[in-house]
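Morning, everyone. I have one model to walk through. Please put it on the screen.

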Amino acid sequence: MAVQIAPSILSADFARLADEVAAIADADWVHVDVMDNHFVPNLTIGLPVVEALLKTTTLPVDCHLMIEDPDRWAPGYAAAGAASVTIHVEAASAPIRTLREIRSAGARAGLALNPGTAVDPYADLLSEIDMLLVMTVEPGFGGQRFLDVVLPKVRRARELIKGRDLDVWLQVDGGVNAGTIERCAEAGADVFVAGSAVYSADDPAAAVRSLRERAAAVSSQA
Ligand code: DX5
Ligand code: ZN
């Protein structure tokens, strides 16, 4: 399992987005939190800003859609050039169709589970996705405390992926920092979103490297 770090620009300075993304040039992804003030109680950015961002970076863009009606909007993010588009199971009414549309628009398809959503009912969807996102905070805001209670689900998700012999990445998002990333890696996560841990650091690039080293040290023992 190769460890990948995806800094979330939710904790970046939105007025200086291009510079903030340039500051994490050695990350594997740039994670973009799209929120609509309906699915979550916060409003961030949408497709026009993602399109502008795509022009300023060579990093692959990972769009995490925390919006109602992702069936309607998700394919547009893939068509715009996002390399990965993740929808929430709690919001999608036709997840299989939407995930297939994301893939046919050329992006990796991701499915996200809120902390209170069990993974087992979605086991059959694993063959339709490239990445499963297990939220480790309630979505909506950066800087929240990591929910240890979700770790058994990360472990269970890894078992389900292994059991089906699938190459599905397992992403964790929320409260991931130097103090929690090792627990996530130990539970089987391989893609790590980190917002405040990267952007509140004096040197965001060094924070990315250090998170990667911590996770890789655990993953190599797995
Ligand atoms: C929360 C977002 C996260 C958030 C992570 O709803 O999906 O991506 O930005 O921020 P931290 O790492 O600060 O918890
Ligand atoms: Zn996110």
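In which order do the strands of the sheet run, and is the pairing parallel or antiparallel? The order is S1-S8-S7-S6-S5-S4-S3-S2, 8 strands in an open sheet, and the pairing is parallel. Two strands count as paired if DSSP finds at least two bridges between them. The edges are strand S1 (4-7) and strand S2 (30-35), each pairing on one side only. On average, neighbouring strands are turned by 25° against each other, direction ignored.

Some ground rules. This is a predicted model: local features need pLDDT of at least 70, side-chain atom pairs count only at pLDDT 80 or more, and totals for chains, interfaces and linings use all residues. Residues are numbered from 1 along each chain as its sequence is written, chains are lettered from A and ligands numbered from 1 in the order written, and side-chain values use heavy atoms, without hydrogens and water.

Now the overall count. The protein chain has 8 helices and 8 strands. Those are DSSP runs, numbered from the N terminus: helices are H or I with at least four residues, strands E with at least two. The C-alpha trace spans about 40 × 40 × 30 Å along its principal axes.

Back to the sheet. Strand S5 (residues 108-113) and strand S6 (residues 131-135) run parallel, joined by 4 bridges. There, Leu 111 stands opposite Leu 132 in S6. Helix H5 (residues 151-163) packs on the sheet and touches S5, S6 and strand S7 (169-173). Contact means heavy atoms within 4.5 Å. The direction of H5 makes about 165° with that of S7. Helix H8 (residues 204-219) lies across S1 and strand S8 (191-194), at about 145° to S1.

Next, helix on helix. Axes are lines fitted to C-alpha atoms, for helices over the stretch in contact; angles run from 0 to 180 degrees between N-to-C directions.

Helix H2 (residues 47-56) and helix H3 (residues 70-80) have axes that come within 10 Å and cross at roughly 15°. That makes H2 roughly parallel to H3; the cut-off is an angle under 35 degrees. From H2, Leu 47, Val 50, Glu 51 and Leu 54 meet Gly 76, Tyr 77 and Ala 80 in H3.

H3 also packs against helix H4 (residues 95-104): the axes come within 8 Å and cross at roughly 10°. H3 and H4 are therefore roughly parallel as well. Residues of H3 in this contact include Pro 70 and Asp 71, and those of H4 include Thr 98 and Glu 101.

How values were computed:
Angles under 35 degrees count as roughly parallel, over 145 as roughly antiparallel, 65 to 115 as roughly perpendicular and the rest as oblique.
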